[in-house]
Amino acid sequence: MTRLRGHAAFVTGAARGIGGSIAARLAAEGAAVVVADVDEEAGRQAAEKIATGGATAVAAALDVRDAEAVAAAMTEASARFGKLDILVNNAGVFRDRRLEEMSDSDWDTVLDIDLRGYFVCCRAALPHLRASGWGRIVNISSRAYLGNPGQVNYSAAKAGVIGLTRALSMELGRDGITVNAVAPGMIDTPLVRSHAKADEVIARAVASTPLRRIGTPEDVAAAVAFLVSDDAAYITGDVIHVTGGRYG
Ligand SMILES: NC(=O)c1ccc[n+]([C@@H]2O[C@H](COP(=O)([O-])OP(=O)(O)OC[C@H]3O[C@@H](n4cnc5c(N)ncnc54)[C@H](O)[C@@H]3O)[C@@H](O)[C@H]2O)c1
């Protein structure tokens with residue numbers, strides 16, 4: 001597949017999980033890919049693995065909360081690949097607790113990474129996308145934007161991502177830049193497996209999912225690859241749910 005040949009993509013949180021699959025998929029479709037992650041060693045390994053398969057990938061060690069580091073990495077990528085025209089905001093964390101147990105730090109950390117980090121990366125990417133005359137931003141939200149008990153911080157951040165996506169699509173349409181979101185349901189990644197009651201949580205999700213399984217990172221990557229391709233040229237400000245039909 002060569003849908004993305006000639007494009008250069010910056011994927012955050014790409015060392016593993018959903019971001020790792022997105023980076024691998026975009027590279028397999030021909031894009032040069034920056035594997036951006038706070039975990040330097042894992043990011044380096046992920047980029048190396050993609051490059052071993054013959055695709056183009058480099059690692060960038062950064063925290064999406066660090067505006068200077070993000071801007072520097074994007075400028076470097078743009079110089080290296082001659083352009084940077086795709087941004088996938090994916091880096092995210094959760095700190096699940098009921099409201100009465102939730103600390104200021106639980107709230108701030110999730111909002112800072114899962115929402116403010118997306119804003120920081122969108123703003124830094126904009127000059128590069130504009131210079132390309134064609135651009136794609138895909139923001140990974142979550143089905144949790146509809147609300148999940150124990151996740152007021154995460155649900156608020158992920159709902160914020162949808163608002164950011166819709167507003168930005170209106171600002172950037174005239175520049176030939178589309179901005180969309182993907183809202184995954186439960187996806188089998190290290191983040192989900194790190195949950196204290198992972199098996200129980202997964203079993204409950206499977207039982208309430210019409211397609212009777214949780215998703216894979218590749219399920220999400222396929223939706224992202226579509227949105228950043230010319231096949232989605234007339235889609236902007238939208239949300240694709242990759243949930244196996246589960247909304248509640
Ligand atoms: N797994 C799910 O069920 C699920 C469902 C819906 C949405 N999502 C969303 O998908 C995205 C990826 O989730 P995942 O399950 O693959 O997570 P994961 O924990 O497996 O991977 C997340 C990656 O992001 C990196 N990261 C974390 N904080 C960072 C920071 N401040 N700066 C840069 N990189 C950082 C981590 O090092 C890690 O490599 C997140 O935004 C998450 O909210 C996940």
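The model is predicted, so local features need pLDDT of at least 70 and side-chain atom pairs count only at pLDDT 80 or more, while totals for chains, interfaces and linings use all residues. Residues are numbered from 1 along each chain as its sequence is written, and side-chain values use heavy atoms, with hydrogens and water left out.

The protein chain has eight helices and seven strands; these are DSSP runs (helices H or I, at least four residues; strands E, at least two), numbered from the N terminus. Along the principal axes, the C-alpha trace spans about 50 × 35 × 35 Å. For 248 residues, a compact globule would have a radius of gyration near 18 Å, and the value of 17 Å for this chain agrees. That radius is taken over C-alpha atoms, and the globule rule is 2.2 Å times the number of residues to the power 0.38.

Of the 248 residues, 51% are buried (buried means under 20% relative accessible area, exposed over 50%, partly exposed in between; 1.4 Å probe, protein chains only). Among contacts (heavy atoms within 4.5 Å) with a separation of 6 or more, 73% come from residues 24 or more positions apart.

Arg 212 sits in the loop between helix H7 (198–207) and helix H8 (217–228). Arg 212 is not a glycine, yet has a positive phi of about 55°. Most residues other than glycine have a negative phi. Arg 212 is also exposed, with a relative accessible area of 53%.
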